[in-house]
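Visitor: I have a structure open and I am new to it. Could you show me how to read its features, one at a time?

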Amino acid sequence: MSSKREFASKIGLIAATVGSAIGLGNVWRFPAETQANGGAAFLLIYIACVLLLGVPVMLAEFSLGRSGRSDAIGAFRKLSPGKPWWLIGVVAVLASYLILCYYMVVAGWTLEYFWQSIAGGLFDGLPQTDGTPLRGFFSGKMESYIATDMAPLVFTFLMIAINIGVLLGGVQKGIERLSNVMMPMLFIILVAMCVLALSLPGAADGVAYFLNPDFSKIDASVVVNALGQAFFSLSLGMGILVTYASYYPADTKLGKTAITVALLSVGVAILMGLVIFPAVKSFGLDNENLRGATLVFVTLPEVFAQLPLPQLWAAMFFFLLLVAALTSTVSIAEVSIAMFQDRCHMSRRAATFTVMLPLFVLSAICSLSMGSWARYTIFGMNFFDLLDSFTTNWLLPIVAFGTCIYMGWFAPNGLLRTELSNGAPAANSTPVQKTVLFIIRYLAPVLIVAIVVFSL
């Protein structure tokens, strides 16, 4: 592998990997899951799932990627030639590309809201009320921005073009450079938003709900939901971590990297909770539906509208969301680009256009399925929701399950220990390595199956 297919610095590889993990799931999925599953009780279980289960599975993907030094398919082919394990990589590439088709649409929404925040369109025509809820106003805005045809298409196409520009730069000059700039900005803006939210009247009640656990809420479904959120927020089962790990220098400490990425991902989720819950509590919106697009595009603009300088806070928030979306879409696209480079021996430029140009059609279909094509459904779902459900409920668990079974039972003997110790000779595995292997072999596969069963 040439030096151009390797991260140039440890900070760069951490920033890129964190950028792949921190996406819209940390912004709207985590608060929704927290609200629905008992507040701080869910938070504590989520943190435990990230550290005790997410990190070992992440180490399995890291070890597979760095040892294979290839794309998600090629890593299996190199380590187990002539055996069908490479099909797991095929599913990972397929899953990541299908996710990219609809995720790019959501990224386009964030770009549109960022632009409307700056230009003033988001608050244009805002009624003058005395504390009357503004939900209808911002629901109308969401309808006009998202559920129409032309504007969402334009912003989706702009996001695809921005992604192409980044991806053409390659690993170091594209992905790593973007991550080195964007990830610090994300944390700075998030901290500023957190300070604002905690300064609002009544914010303490929101903090209390978020940080004071009610253990009576804990049951099997809460644990499974927390585990699903942990896997989702760490980008497990998408082929991203396998692909990125193939760009890691040989001296990268995988354990330290995994812990750092996990803690930063958890940190973003916690900071987002400290933004969302105090803000909605302060303005009496805590009983509203905090799920998905409603939270981001209706509830939070209603909060911003009641603050001084609403355009400033809205622009900051949607820029934060845009950063998360961009680093995620770039990471997801890289899985397929690496595959075409390694499997088809394409140049970076050819592979990038092969992956990205079809998105102008596929993402357009996803976008239109939320607008004028919403009446056309498959199994009762529009095309956007169908891809979301199929990838999240089936393809990602299949990849995560298959990777754990392979790395736990069928990978070359001693591969995991060798990668975790960076090739250092050792007569026996350390207790930590034995624990990681036990989780990958037994615990993670069982819990992945539980996620699928509970989601049906």
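Guide: Let us begin with one residue. Leaving aside neighbours within four places in sequence, Val27 is in contact with Met272, Leu295, Val296, Phe317, Leu320 and Leu321. Keep in mind that this is a predicted model.

Visitor: Where does Val27 lie?

Guide: Val27 lies in helix H2.

Visitor: Is Val27 buried or exposed?

Guide: Look at the relative accessible area. Buried means under 20%. Val27 has 4%, so Val27 is buried.

Visitor: How far apart are Val27 and Ala324, in sequence and in space?

Guide: In sequence, 297 residues separate Val27 and Ala324. In space, their C-alpha atoms are 8.7 Å apart.

Visitor: Show me another pair.

Guide: Take Gly136 and Gln229. They are 93 residues apart in sequence, and their C-alpha atoms are 30 Å apart in space. Gly136 is found in helix H6, residues 135-146. The cut-off for exposed is over 50%. Gly136 has a relative accessible area of 58%, so Gly136 is exposed.

Visitor: Now a helix. How do I check the length of H1?

Guide: Compare the expected span with the distance between the end C-alpha atoms. At 1.5 Å a residue, the 12 residues of H1 should span 16 Å. The end C-alpha atoms of H1 are 17 Å apart, which agrees.

Visitor: How many residues of H1 are buried?

Guide: The count is 10 of 12, so H1 is largely enclosed by the rest of the structure. Among the buried residues are Gly12, Leu13, Ile14 and Ala21.

Visitor: What does the span check give for H5?

Guide: H5 covers residues 86-119, which is 34 residues.

Visitor: Where does H5 bend?

Guide: At Cys101, by about 30°. H5 is also mostly covered, with 26 of its 34 residues buried.

Visitor: What comes just after H5?

Guide: Gly120, which takes a positive phi of about 95°.

Visitor: What about Phe379?

Guide: Phe379 is not a glycine either, and its phi is positive, about 55°. Phe379 sits in the loop between helix H16 (359-368) and H17. Phe379 counts as exposed, at 75% relative accessibility.

Visitor: Let us turn to H10. How many residues does H10 have, and how far does it reach?

Guide: H10 runs over residues 220-233 and has 14 residues. From first C-alpha to last, H10 reaches 20 Å, close to the 20 Å expected.

Visitor: Which residues of H10 are buried?

Guide: They include Val222, Val224, Ala226, Leu227, Gly228 and Phe231. For the packing, look at the helices around them. The buried residues of H10 pack against H1, H2, H3, H12, H17 and H19. Just after H10, Ser235 takes a positive phi of about 60°.

Visitor: Can we zoom in on Leu227?

Guide: Leu227 is placed in H10. At 3% relative accessibility, Leu227 counts as buried. Apart from neighbours within four places in sequence, Leu227 is in contact with Cys49, Leu53, Leu447 and Ile451. Leu227 and Gly54 are 173 residues apart in sequence, but 8.2 Å apart in space, C-alpha to C-alpha.

Visitor: One last feature. How is empty space found?

Guide: Rolling a probe the size of a water molecule over the atoms shows where empty space is left. Here, the largest pocket has a volume of about 1,300 Å³. It is lined by 49 residues, and the closest to its centre are Trp28, Arg29, Phe232, Asp388 and Thr392.

Visitor: Which helix gives the largest share of the lining of the largest pocket?

Guide: H17, with 10 residues. By class, the lining of the largest pocket has 28 nonpolar, 15 polar and 6 charged residues.

Conventions. Residues are numbered from 1 along each chain as its sequence is written. This is a predicted model: local features need pLDDT of at least 70, side-chain atom pairs count only at pLDDT 80 or more; totals for chains, interfaces and linings use all residues. Side-chain values use heavy atoms; hydrogens and water are left out. Helices (H or I, at least four residues) and strands (E, at least two) are DSSP runs, numbered from the N terminus. The expected span of a helix is 1.5 Å times one less than its number of residues. Buried means under 20% relative accessible area, exposed over 50%, partly exposed in between (1.4 Å probe, protein chains only). Contact means heavy atoms within 4.5 Å. The bend at a residue is the angle between axes fitted to the seven residues ending there and the seven starting there. On a 1 Å grid over the protein atoms alone, a cavity is a set of points where a 1.4 Å probe fits but cannot get out, and a pocket is an open set with protein on both sides within 12 Å along at least five of seven lines; lining residues have an atom within 4 Å of a point. Grid points are joined across faces, edges and corners, and a volume is the space filled by probe spheres set on the points. Ala, Val, Leu, Ile, Met, Phe, Trp, Tyr, Cys and Pro count as nonpolar, Asp, Glu, Lys and Arg as charged, and the others, Gly among them, as polar.
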